[in-house]
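Subject: Structure handover

Hello,

Here is the structure we spoke about. Please load it and read the notes below alongside it.

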Amino acid sequence: MSEVKKDWYKELVVYQIWPRSFCDSDGDGIGDLKGIYSKLDYLKDLGVNAIWFSPLYPTPNADYGYDIADYRNINPEYGTLDDFKMVLEGAHERGMKVIMDLVVNHTSDEHEWFKESLKGEDNPYHDYYFWRKGKDKKPPNNWLSTFEGGAWEYNEDLDKYYLHVFAKKQPDLNMDNPKVREEVKDIMRFWLDMGVDGFREDVITFISKAEGLPNGFPLPAATGIEHYKKGPHLDEYLKEFREDVIDKYDCFVVAEGPMMTTSFALPYITEGPNKTLDMMFHFQHMEADCMVTDWVKVPFSLKKMKGAFSKWQYKLHNKGWNALYIENHDHPRIINRYGSLDYRVESGKMLAAMYMLQCGTPFIYQGQEIGMTNVNLTRLDEFKDVLTFNNHNLFKKLGYNEEKFVNHANKVSRETARSPVQWNAEENAGFTTGKPWFNICDNYKEVNVEAAENDPDSILHFYRKLIKFKKENKVAIYGKYKEYYPNSSSLYVYERVLNNEKLLVICSFKENSVKFKAPAGYDLSKGELIFNNYNDNKIVNNGFVTKPYEVRVYKF
Ligand code: NOJ
């Protein structure tokens, strides 16, 4: 068996900061860089060795930073470029790498390029975007935007439409224009030269659009997607970015790929001269309780979740590298989804071990390490996200009144995971001394970092131990994965093997008891129980009966 190629980015545990809600230093109710700086020691103690910053750039906040108005500066709400440099240096001094969000499928409509493009066809920036004439007073094609109705916005002065596959305020960049690609590469160099260690590339698989922008197959909120989810020049553009920039620095890139499959991803992430991306975020394991989007709920299926994880583990083995996550700023909190609020601590720990001990680089989203849960909003006007508003319009048509919609959105909207981090039991959970920009989750008096620090059985301490183990044990990083009992709808059991070391990870996704029997060849009494979420861990007949959401990890 050939050995998995070792690399530093494979040995990272990355912490994602969504800056607006992380920590506010100046009392304006919005998280900022000085707030982040004040928590670098907390992150170091947590043990993570990298930070991914969701966008920190100037933005009108139509999509909270994913609509960038200037790629080479810092959002004044968050601080200055000097503040950023201080954070970068502070992170590096503490042994943490830093990656930036690179959002280049689109800009903000308040970006200078777009403002210039509005000046007309003769302006050199006009062709930075997709400006097209309409057809019979209608948009150039039938594409829909994921965030806001049609994908084309009309401009009267130009008598033309521009394309936006996300919000209206997020015009798509025309990557076919070589000047745009040069701009992208310059932006990358700007941050890499400053010392950042890589990028998380936002919807990067959308950057090439089909020639002629043909009509798409009608789909709710996604008509046209087949013409850009893997466009004709995607390979070429990613190769250009890799060869001209990424390969020239000691850095890594993790791409976000909606609707990503292993066969789509592999050509980009397979080790070798053609590799253009180091890792890929896919969504398949996040679809075990919904259909296509978080907004269409179905009962949680453990088999679906396991199937997705295992598929990526098997298919990428010895070829490419997995990016592991169960939370980020685009999905509701995982305990609400795949765990249990009644067993918040137990299920929070189980879920942590379940994904972090797989093969791949784990990403932890802010607050996940203390078991934060969805914020509960009571009125429509408390929601803040463009996607929620768009879905409100769609759900109204399905007969949802405001109360029903708010109830639903509290379960499925991505903003439920964007509430401020709960630092302590004081007012506003210690996030700000002012009025927080967004509601704080009601459980902050019980669920907060300070309380978790003081409780040896907290989820936080469990994460610390897990992160340390993951970083220090090659079997947890490079070991070969094998799943047992794939047909069980209660247990997720897998092993990792490297040379003569073995891990056996046993996770129950049930409140009721389930009988677990060790797979053939295993003798549990010979293993060391290195992670568990209950103190009573009897073994009977080489197995045990699970407690609610029990996890046990044995090392052999
Ligand atoms: C993916 C980002 O994670 C999400 O937050 C954003 O709204 C879209 N891309 C558009 O940039």
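Tyr64 lies in the loop between β2 (50-53) and α3 (81-93). This is a predicted model, so please read every value below as computed from predicted coordinates. The backbone at Tyr64 deserves a look: phi is near 40°, a positive value in a residue other than glycine. Is Tyr64 buried or exposed? Tyr64 counts as buried, because its relative accessibility is 12% and the cut-off for buried is under 20%.

Asn318 also has a positive phi, of about 60°, and is not a glycine either. Asn318 is placed in the loop between α8 (302-316) and β12 (321-324). With 30% relative accessibility, Asn318 counts as partly exposed.

**The ligand**

Which residues come nearest to the ligand? There are 13 residues around the ligand, and Asp63, Arg200, Asp202, His329 and Asp330 come nearest.

- His329: a polar side-chain atom lies 2.8 Å from an oxygen atom of the ligand.
- Arg200: an N or O atom of the side chain is 3.0 Å from a ligand oxygen.
- Arg414: an N or O atom in the side chain is 3.0 Å from an oxygen atom of the ligand.

On its own, the ligand has 290 Å² of accessible area, and the protein covers 97% of that. The ligand sits in the largest pocket.

Helix α6 spans residues 234-244. Its buried residues are Leu234, Tyr237, Leu238, Glu240, Phe241 and Arg242. An α-helix has 3.6 residues a turn, so residues three or four places apart point the same way. Where does the cover for these buried residues come from? It includes α5 (178-194), β7 (198-201), β8 (252-256) and α7 (262-269).

The loops on either side of α6 are worth a visit too.

Lys230 is in the loop between β7 and α6. At 42% relative accessibility, Lys230 counts as partly exposed. Setting aside neighbours within four places in sequence, Lys230 is in contact with Thr205, Phe264 and Tyr268. Lys230 and Asn73 are 157 residues apart along the chain, and their C-alpha atoms are separated by 30 Å.

Val245 is in the loop between α6 and β8. Val245 has 0% relative accessibility and therefore counts as buried. Its contacts, leaving aside neighbours within four places in sequence, are Lys185, Met188, Arg189, Leu192 and Glu240. Glu240 is also one of the buried residues of α6.

Is Gly257 buried or exposed? Gly257 is buried, with a relative accessible area of 0%. Not counting residues up to four places away in sequence, Gly257 touches Thr205, Met280, Phe281, His282 and Phe283. Thr205 is also in contact with Lys230. Gly257 and Met280 are 23 residues apart in sequence, and their C-alpha atoms are 6.6 Å apart in space.

**Two asparagines with contacts to backbone oxygens**

Asn473 lies in the loop between α14 (459-472) and α15 (474-478). Asn473 is buried, with a relative accessible area of 14%. What does the side chain of Asn473 reach? One of its polar atoms lies 3.0 Å from the backbone oxygen of Phe469.

Asn537 is in the loop between β18 (528-532) and β19 (543-545). A polar atom of the Asn537 side chain lies 3.0 Å from the backbone oxygen of Tyr534. Leaving aside neighbours within four places in sequence, Asn537 is in contact with Leu529, Asn532, Glu550 and Arg552.

**Where to start**

I would open the ligand site, with Arg200, His329 and Asp330 among the nearest residues. Then turn to α6 and its buried residues, including Tyr237 and Phe241. Finish with the positive phi values at Tyr64 and Asn318.

Best wishes

Technical notes: Residues numbered from 1 in each chain as written. Predicted model: local features only at pLDDT ≥ 70, side-chain atom pairs only at ≥ 80, totals over all residues. Heavy atoms only, no water. Buried < 20%, exposed > 50% of the residue type's maximum accessible area, 1.4 Å probe, protein only. Helix = DSSP H or I, 4+ residues; strand = E, 2+ residues; numbered from the N terminus. Contact = heavy atoms within 4.5 Å. Near = heavy atom within 4 Å. Polar contact = N/O pair within 3.5 Å; in protein donor to acceptor, adjacent residues only side chain to side chain. Areas by Shrake-Rupley, 256 points an atom, 1.4 Å probe, with all protein chains shown as cover. 1 Å grid on protein atoms, 1.4 Å probe; cavity = no way out; pocket = protein on both sides within 12 Å on 5 of 7 lines; lining within 4 Å. Sits in = over half its atoms within 2 Å of the grid points.
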